[in-house]
Amino acid sequence: MISLKLLQPSSVAPDIFIGCVGYELRSSEALRTYNVSMLSREKLLLDYGCGDRLSYPKNIEFVQGTDCNLFKNISDLIKAIESRIFGGPKKSVLLDVTSLDRRVMAKVLEALFDLRASISNVDIIYYPQTFVEPTAVLEQVLTFAPVTSRFVGEASYSRDALSLIVGAGYEYGRIIGAIDVLEPERVYCFHPVGTDSRFEEAIYKNNLGFSFLDNPDFLLPYDLLTPFELYQSLRSLIEVELRERDVLLLPLGPKIFAAISIVIALQLSPSVMVWRHSTTSHSKPSTNLDAVADGRRIDFSFSFSELAG
C-alpha cells in the first residue's frame with residue numbers, strides 16, 4: 001500500500017503545472033487567475049482540440065499567448081511529465097483536474113504515483129462551476145468500463161459480493177443504469193453540498209430522489225469545499241467494505257471526487273476498481289451550456305510517504 005501525508009496547499013510556485021485546454025471556459029481558469037509567469041517553471045497542457053465548440057476558441061487563443069507546452073494526445077503528455085520529473089531534485093506538481101476527462105485524469109495520476117520517488121508534493125486543484133440548469137434527458141452511453149486497465153481490480157476468493165460506491169452528479173439516470181448492469185449487493189452514494197443549493201436540488205431530482213438506495217444511511221453528503229474530509233470518509237468506507245465485498249467506485253459528479261477516488265484506488269491497488277460512465281466526448285459535447293468557474297478554488301495536497309506493509 002502507498003501511504004500519503006496530507007498537506008496544506010503550498011503558496012510556493014510549483015515546478016510543474018498540468019492541465020488542459022477544453023471547451024469549458026473554466027478549463028483555463030487556473031492560468032487566468034494565477035500570475036501566469038509564476039504559476040510554474042513548466043506548464044504542460046493537453047489540447048483537446050475542440051474546434052469552434054463553446055469556449056475552446058477563447059481558451060486556445062489565451063493559452064497560445066503564454067509559455068505553455070501543448071500536447072495533442074495523452075501519450076505525449078505523459079512522456080513530457082516523465083521527462084520533466086524523473087531525475088534531479090524532487091519536483092512539486094500542480095494538477096488542475098477541473099476539465100480533464102476521467103481517463104486522462106487517471107493516466108496522469110498513475111504517472112505521478114509511478115514517479116513518486118521524484119516528487120516532493122502534489123497539489124490537485126478544482127474550480128467549481130456557476131450553476132446552470134441541467135437537462136433531464138437520458139443520454140446515450142459511450143463508455144461504461146474501467147477508467148484504465150490499472151483499475152480493473154482484483155477479485156478476492158474471500159469476497160463474493162460487490163459494493164458500488166458512487167459519486168452523484170446531476171447526470172440524469174446514470175446511477176440507476178449502473179446498478180442495473182452491475183447488480184451490486186450494496187450501494188453507497190456520495191453527493192456534494194456546500195457550493196450552491198440549486199446544485200443539490202438538481203442532483204436530488206435527476207437521481208430520482210435516491211429512491212434506489214436500500215438504506216437512507218447509505219446516502220452520504222460531502223462538503224465540496226473540504227476535500228480532506230471527503231478523502232478520509234471515502235477511504236474509511238472503502239477499507240471497511242473491502243473486508244467483505246469487492247469494491248467498485250463510479251465517480252460521477254465533480255471532478256475533485258473522481259480525483260480523490262483515483263488517488264485512493266492507486267494507494268490500495270489492485271484491490272479497488274474505478275469505472276467511468278461516459279455519455280459525452282470533448283469532440284461532441286452533449287450540452288450547449290458552458291461551464292464557468294464560480295470564483296472558488298478547491299485544493300487537495302499531499303506528499304508520498306514510505307511504502308507501508
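Which residue in E3 does Gly 19 stand opposite?

Modeller: Gly 19 stands opposite Leu 45 in E3. Some ground rules come next. This is a predicted model, in which local features need pLDDT of at least 70 and side-chain atom pairs count only at pLDDT 80 or more, while totals for chains, interfaces and linings use all residues. Residues are numbered from 1 along each chain as its sequence is written, and side-chain values use heavy atoms, with hydrogens and water left out. Helices (H or I, at least four residues) and strands (E, at least two) are DSSP runs, numbered from the N terminus.

Now the strand itself. Buried means under 20% relative accessible area, exposed means over 50%, and partly exposed lies in between (1.4 Å probe, protein chains only). Both faces of E2 are covered. On one side sit Ile 16, Ile 18 and Cys 20. On the other sit Phe 17, Gly 19 and Val 21.

E2 has pairing partners. Two strands pair if DSSP finds at least two bridges between them. E2 and E3 (residues 42-47) are joined by 6 bridges and run parallel. E2 and E5 (residues 91-96) also run parallel, joined by 3 bridges. Within E5, Leu 95 is the bridge partner of Ile 18.

E5 leads on to a pocket. The second largest pocket has a volume of about 200 Å³. Its lining draws two or more residues each from helix H2 (36-39), E5 and strand E6 (119-126). E5 gives the most, with 3 residues. In total 15 residues line this pocket, and Ser 10, Ser 11, Val 12, Pro 14 and Tyr 34 lie nearest its centre. By class, the lining has 9 nonpolar, 4 polar and 2 charged residues. Here Ala, Val, Leu, Ile, Met, Phe, Trp, Tyr, Cys and Pro count as nonpolar, Asp, Glu, Lys and Arg as charged, and the others, Gly among them, as polar. A pocket is found on a 1 Å grid over the protein atoms alone: it is an open set of points where a 1.4 Å probe fits, with protein on both sides within 12 Å along at least five of seven lines, and lining residues have an atom within 4 Å of a point. Its volume is the space filled by probe spheres set on the points, which are joined across faces, edges and corners.

Next, a helix. The buried residues of H4 are Ile 74, Leu 77, Ile 78, Ala 80, Ile 81 and Ile 85. They cover an arc of only 160° around the axis, which puts them on the same side of H4. The arc is that of the directions from the helix axis to the C-beta atoms. Leu 77 has a relative accessible area of 1%.

Last, some backbone details. Most residues other than glycine have a negative phi, and most peptide bonds are trans. Leu 208 has a positive phi of about 55°. So does Phe 210, at about 55°. Phe 210 lies in the loop between H7 and E10, and it counts as buried at 6% relative accessibility. Leu 208, at 42%, counts as partly exposed. A cis peptide bond joins Ser 269 and Pro 270, with omega about 5°.
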